[in-house]
Amino acid sequence: MSGHAGDSFAELPVAPKPPLRRFHQARWDEPIIFEQSRPGRRGVAVPAAGVPAVELPASVRRAEPPKLPEMSQLHVLRHYVRLSQENLGVDQAIAVGQGTCTMKYSPKVNDRFVTDPRIAELHPLQPEDSVQGVLEIYWRLERMLAEISGMHRVSLQPASGSAAIYANVAMIRAYHASRGDGERRDQIITTMFSHPSNAACAKVAGYEVITLMPDENGYPDIEALRAAAGPRTAALMITNPEDTGIFNPRIEEFVGIVHEAGGLACYDQANANGLLGITRAADAGFDLCHFNLHKTFSTPHACGGPAAGASCVSEALEPFLPGPTVEFDGERYRLDADRPRSVGKMRPFLGVTPNVVRAYAWIMALGAEGLREVAETAVLNNNYLMHKILQIPGASAHWDRGRLEQVRYSWQGLFEETGVHSEEIGVRAADFGVHYWTSHHPFLVPEPFTLEPTESYSKEDLDEYAAILAHVADEARRDPELVRGAPYNQTIHKIDPTSLDDPKQWSPTWRAYTRKHLA
Amino acid sequence: MTSERSVTSAASAAPRQAPARGEAFTVGLVVNPVAGVGGPAGLKGSDGAEIQRRALARGASLRAGERAAQAVRALLARRPGARILTVPGPMGEDSARAAGAVPELLRIVPGAPSSGKDTTAAVEAMRDAVDLLLFAGGDGTARDVLDGAPSCPVLGVPAGVKVYSGCFAVSPATAGAVAAEFARDAPAPGGTDGSGTYGGTVEAEVVDLDEEAYRRGAVSPRLYGTLRVPAVRARLSGRKVGSSSGAPGSAEGVAAEVVARMRPGVRYVLGPGATTMAVGRLLGLATTLLGVDVVQDGELVAADVAERELLDLVDGRETHAVVSVIGGQGFVLGRGNQQISPAVLKKIMASGGLVVLATQQKLAGLNGRPLLADTGDPEADALVEGYVPVITGHRESALYRIRSAIEEFPS
C-alpha cells in the first residue's frame with residue numbers, strides 16, 4: 001500500500017480499539033444433532049451394491065437399525081461449524097487458564113503427518129514386515145523419552161496419563177510380588193498436592209494410601225514420610241513440582257527414605273514442562289516415572305481420550321513392562337509378546353499411534369536444545385505472568401516460594417473485600433474470550449485459580465490475560481453484581497451445575513438423555 | 001518510650017506501627033464464669049441455670065475464670081502497662097486479680113449467678129472505654145458479646161464447651177499474647193500480599209449451636225453475626241468447618257476403615273462427631289453424636305459417658321481413643337470431648353493409642369499447622385505428641401503432626 005493511501009485511511013473516523021478486546025462469543029442456540037434428525041433425510045445416497053444379500057448370523061444381527069440422526073451434508077457441516085464457534089480453546093484463545101492440564105499449542109504440521117495414509121490407514125494386525133516404519137517411530141520415541149527421563153525402558157502403550165500411572169502401579173505390585181514381598185508391602189505413600197490420579201490408581205490396584213500433607217512452607221512433610229515409610233511401603237508416588245507449581249528441593253531425600261525402607265519411588269512427570277533438559281527422574285534416584293504426551297509433548301488432549309502416556313522404568317523393572325514391547329536388533333523392528341513377567345496389556349495393540357507420531361515429530365523438530373528452551377520459556381513465562389498477577393490487588397500466591405511452570409493463586413483477598421468468588425471471576429473472564437480454571441482436589445487454597453502459560457504464549461498474550469483478570473478484579477470492587485451476573489457475551493448464560501452431581505439427571509449420551517429427561 | 005514493635009502474624013515480615021508502651025492501652029475483660037462447666041460432665045454445653053446446676057452436681061469445676069487469668073497473665077507479661085477494665089466479682093475482677101493485675105471496675109452489679117444479660121450489659125458499659133475487649137467463654141458468650149455491640153475489636157479466650165466461632169484465640173495464653181501485640185490504630189486490612197497476611201482487624205464469624213438440639217444429637221451451627229478481631233490469623237482459630245461441607249459419603253468411608261482396623265478384645269473410645277457417629281452406625285450400635293461412647297467386639301459397652309465413668313471403663317485393658325478433628329482449628333482433644341480428660345488419656349496411651357478421623361479436606365484446611373491437644377495438662381498432651389495416624393477414608397490415611405496447644409503457642 002502506498003503512503004498516500006495509508007494517510008487517507010488514518011483520516012477515517014474509526015474509533016481506536018479499547019484496551020480490552022470487545023469479544024463476543026457466537027450464540028447459535030444450536031439444538032443437539034439428534035433433535036435435528038428428519039426421517040428419510042440423507043447425506044449420501046448410496047447406490048445399491050449389486051451383490052447378493054447374505055444372511056448374517058443372528059448373534060451379530062441388530063434387532064432394529066441404529067438410531068442415527070438423519071441429515072443432509074450441509075446440515076451436518078453447519079452443525080459442527082457452529083459448535084466449533086461456540087468453543088474456547090488453544091486455537092483461538094489465550095488458554096493459560098487451565099493450569100495442571102497444560103494447554104499448549106499442537107503444531108498443525110503434525111496433524112498432517114497423522115492424516116497421511118501411511119499412518120491413518122495402518123491396520124493393527126498388519127504383519128511386522130509391513131509396519132517397520134511405525135515401529136521405528138515407536139522405538140525412536142521410546143529411546144528419546146528414556147534419555148529425557150534417564151530411565152532404561154519406556155512403554156508407549158497407555159492411552160492416557162492416568163493409564164500410565166496405573167501401569168506404573170501394576171509394575172510396582174509385580175516387582176514386589178516377584179520378590180515374595182507383595183503381601184507385606186500393601187501401602188503406597190503419596191502427597192496431598194501430587195496429582196490425585198496417583199492415589200486413585202494405587203487404590204484401584206488394591207493399595208492402602210497414605211497421604212503426606214503439606215507443611216507450613218507448602219512442601220510435603222518429610223518427617224511424616226519418615227514416620228510412614230517402613231516394611232509395608234510398596235512405593236512413593238509423587239509429583240514434583242506439585243500442582244501448586246512448587247518444586248520440592250529435597251526430592252532426593254524423599255527417594256532415599258523410601259529406598260531405605262525397601263520401597264520403590266515413582267515420579268509423576270505428566271507435566272514435565274518445567275524440567276525438560278534440566279532434571280531427570282533417574283538422576284534423583286526414581287525407579288519409575290511417566291509422561292503425558294499431551295501435557296508435555298504437545299499432542300491433543302482429545303477431550304478425555306484417547307491421549308497417550310509413557311511409562312518409564314529402570315532396568316530392574318524392565319521385565320514387568322506392559323507388552324508387547326517394540327524391540328530392535330540393529331536391522332529390524334519386531335514386537336516381543338513373550339514376556340512372562342509382564343503386567344500385560346494396558347490397551348489393545350500398540351498404543352495411540354497418532355499421538356505417538358505427533359510427539360515424535362514435536363521432539364524431532366525441537367532437538368535437545370529446543371526441549372531445554374521449552375522448559376526455560378515455560379518457567380520464564382510463568383514467572384512473568386506471576387509477577388503481573390500478583391500486582392493485581394486481591395490476588396495472592398499461597399506460599400511465598402518460587403514457582404516452576406504453573407501457580408495456584410488465590411483470590412481470597414478480593415473475596416474478603418468484595419464477596420466475589422473465584423468461579424465468578426472466571427465466568428466473567430470468559431466474556432473477554434479467555435478460559436479460566438479454579439482447582440481440582442484438594443481444595444486447600446482458598447478461592448483458587450491455576451494458571452499455566454507453557455512455552456506457547458507470547459509476552460503480549462500474557463499481558464492481555466493479566467489485563468483481563470485485573471479488569472475483572474476491578475469490576476468486582478466497583479460493581480460486584482456485574483461480575484456475579486456474568487457471562488453476558490457467551491454462548492449460553494448460567495448453567496445449573498446440580499445435574500453434574502446427580503446420577504438421576506446426568507446424561508453423557510443422547511440415549512441417557514432420552515431415558516432420563518424425555519421419557 | 002519510642003521503641004517500635006511489630007504487630008504481625010507469625011508468617012508476616014511487614015512491620016507495622018504499634019502504640020508506644022507508655023501510652024495507655026486499656027483491655028476490657030468479661031468472663032462468663034460458668035462457661036465450659038457442662039463439658040467434662042458430658043452435658044454438651046453450659047447454657048441455662050439448670051444445666052449448670054447439674055454439671056456442678058456431677059462434680060464439674062469452674063474453670064473459665066482460671067483460663068481468663070491465664071490470658072491476663074500472658075498479656076501483662078508482654079505489656080505490663082496495660083490497664084484492665086472489668087466487671088466486679090467472678091465476671092472478671094477475680095481473674096484479673098488472680099493474674100496479679102489491679103483492675104479498674106465498671107459500676108455494674110451482675111446477677112448471682114450471672115447470666116448472658118450481664119455479659120451484654122458489661123460490653124455495653126465498656127463502649128468507647130477500651131481498646132480491645134477480651135472475653136472468656138464459649139459460643140454462647142460470644143453471642144452475648146455480639147448483642148452488646150462492642151465498639152472495639154474483640155478477642156475470645158476459649159473457655160466454653162462449644163468453641164465454633166472464629167473469634168477465639170487457640171488458647172488462653174495466645175489470647176493474652178495477641179492482645180499484647182495488638183495496636184488499635186494499626187492500618188485497616190489492606191491488600192493481601194504473597195504471604196496471605198492481613199493488617200489491623202478482620203471480621204470473624206460468631207456461630208452457635210442450639211444446645212437443646214445439640215443434646216438431642218443435631219449439629220446445626222448457626223451464624224449470628226460477626227465481630228472484629230485482631231488480624232493475627234496464624235494464632236486465631238479458623239471458623240470450624242461444619243461436617244456438611246465435606247465431601248458427601250466420606251464419613252462412611254472413614255468409618256469403614258475404622259471398623260476394618262478394629263481388633264477383637266480391644267476397647268475403643270469414640271469421641272463426639274458425625275464421623276465417629278458413622279462408626280457406630282456401621283457397627284449397628286446406638287452411639288451418640290455428641291457424647292463419648294465406648295465399644296468393644298462390635299458391642300456398645302457404654303454410651304454418652306462422663307469422665308468418671310470413662311476412667312473405670314478404660315482401666316486395665318487395651319483401649320484406643322478414636323477422635324475427630326473439631327472443625328478448622330485442628331483440635332482433637334480438649335474441645336467438645338473434655339470427657340477424655342488428662343487422667344483418661346494417660347490410661348489410654350499407656351495401653352493403646354490415639355487414632356484421629358478427618359477428611360483430607362479438613363487436614364488440608366489446617367494449612368500445615370499441627371493438630372492440637374489441649375487437655376489442660378501438658379503431661380497428658382505430651383503423650384500424644386508426634387505423628388498420629390489420621391484415617392481419611394476407606395484404605396486411606398495420613399500421618400499428621402500433633403502438638404500440645406501449650407507447646408505450639410507458648411505463653
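The following conversation walks through a predicted model of two chains, A and B.

Visitor: Where do the chains touch, and how many residues does each one give?
Guide: In this predicted model, chain A contributes 28 residues to the contact and chain B contributes 21 residues.

Visitor: Which elements of chain B are on that side?
Guide: Those that give two or more residues to the side touching chain A are helix H12 (360–364), strand E15 (386–393) and strand E16 (396–404) of chain B.

Visitor: Which of them gives the most?
Guide: E16(B) does, with six residues.

Visitor: In what sense does E16(B) pair with strand E3 of chain A, parallel or antiparallel?
Guide: The pairing is parallel: strand E3 (residues 208–212) of chain A is joined to E16(B) over three bridges. Within this pairing, Val209(A) stands opposite Glu396(B).

Visitor: How is chain B built overall?
Guide: Chain B has 14 helices and 16 strands. Of its 411 residues, 59% are buried. Among the contacts in chain B with a separation of 6 or more, 66% are between residues 24 or more positions apart.

Visitor: Let us move to chain A. What is the strand order in the sheet that contains E11?
Guide: The order is E10-E11-E12 (chain A), in an open sheet of three strands with antiparallel pairing. Strand E10 (396–397) and strand E12 (448–451) of chain A are the edge strands, each pairing on one side only.

Visitor: How many bridges link E11 and E12 of chain A?
Guide: Four bridges link strand E11 (residues 407–410) of chain A to E12(A), in the antiparallel sense. One of the residue pairs is Tyr409(A) with Phe449(A), the latter being the bridge partner in E12(A).

Visitor: Which helix packs on that sheet?
Guide: Helix H11 (residues 353–389) of chain A packs there and touches E10, E11 and E12 of chain A. The direction of H11(A) makes about 5 degrees with that of E11(A).

Visitor: H11 also meets H14. How do their axes lie?
Guide: The axes of H11(A) and helix H14 (residues 459–478) of chain A come within 10 Å, crossing at roughly 30 degrees. H11(A) is therefore roughly parallel to H14(A), as angles under 35 degrees count as roughly parallel.

Visitor: Is that crossing left-handed or right-handed?
Guide: The crossing of H11(A) and H14(A) is right-handed.

Visitor: Which residues make the contact?
Guide: From H11(A) they are Asn381(A), Tyr384(A), Leu385(A), Lys388(A) and Ile389(A), and from H14(A) they are Leu462(A), Ala466(A) and Leu469(A). By class, the contact comprises six nonpolar residues, one polar and one charged.

Visitor: Which residues other than glycine have a positive phi in chain A?
Guide: Ser298(A) is one of them, with phi near 75 degrees. Thr454(A) is another, with phi near 55 degrees.

Visitor: Where is Ser298, and is it buried or exposed?
Guide: Ser298(A) is in the loop between helix H10 (293–296) and strand E7 (309–313) of chain A. Ser298(A) counts as buried because 25 C-beta neighbours lie inside 10 Å, and the cut-off for burial is 20 or more.

Visitor: And Thr454?
Guide: Thr454(A) lies in the loop between E12 and H14 of chain A. Thr454(A) is buried too, with 27 other C-beta atoms within 10 Å.

Definitions and conventions. Residues are numbered from 1 along each chain as its sequence is written. Chains are lettered from A and ligands numbered from 1 in the order in which they are written. This is a predicted model: local features need pLDDT of at least 70, side-chain atom pairs count only at pLDDT 80 or more; totals for chains, interfaces and linings use all residues. Two strands pair if DSSP finds at least two bridges between them. Two residues are in contact if their C-beta atoms, placed from the backbone, lie within 7 Å. Axes are lines fitted to C-alpha atoms, for helices over the stretch in contact, and angles run from 0 to 180 degrees between N-to-C directions. Angles under 35 degrees count as roughly parallel, over 145 as roughly antiparallel, 65 to 115 as roughly perpendicular and the rest as oblique. A crossing is left-handed if the near helix is turned anticlockwise from the far one by less than a right angle, and right-handed if clockwise. Ala, Val, Leu, Ile, Met, Phe, Trp, Tyr, Cys and Pro count as nonpolar, Asp, Glu, Lys and Arg as charged, and the others, Gly among them, as polar. A residue is buried if 20 or more other C-beta atoms lie within 10 Å of its own, exposed if 12 or fewer, and partly exposed in between; C-beta atoms are placed from the backbone.
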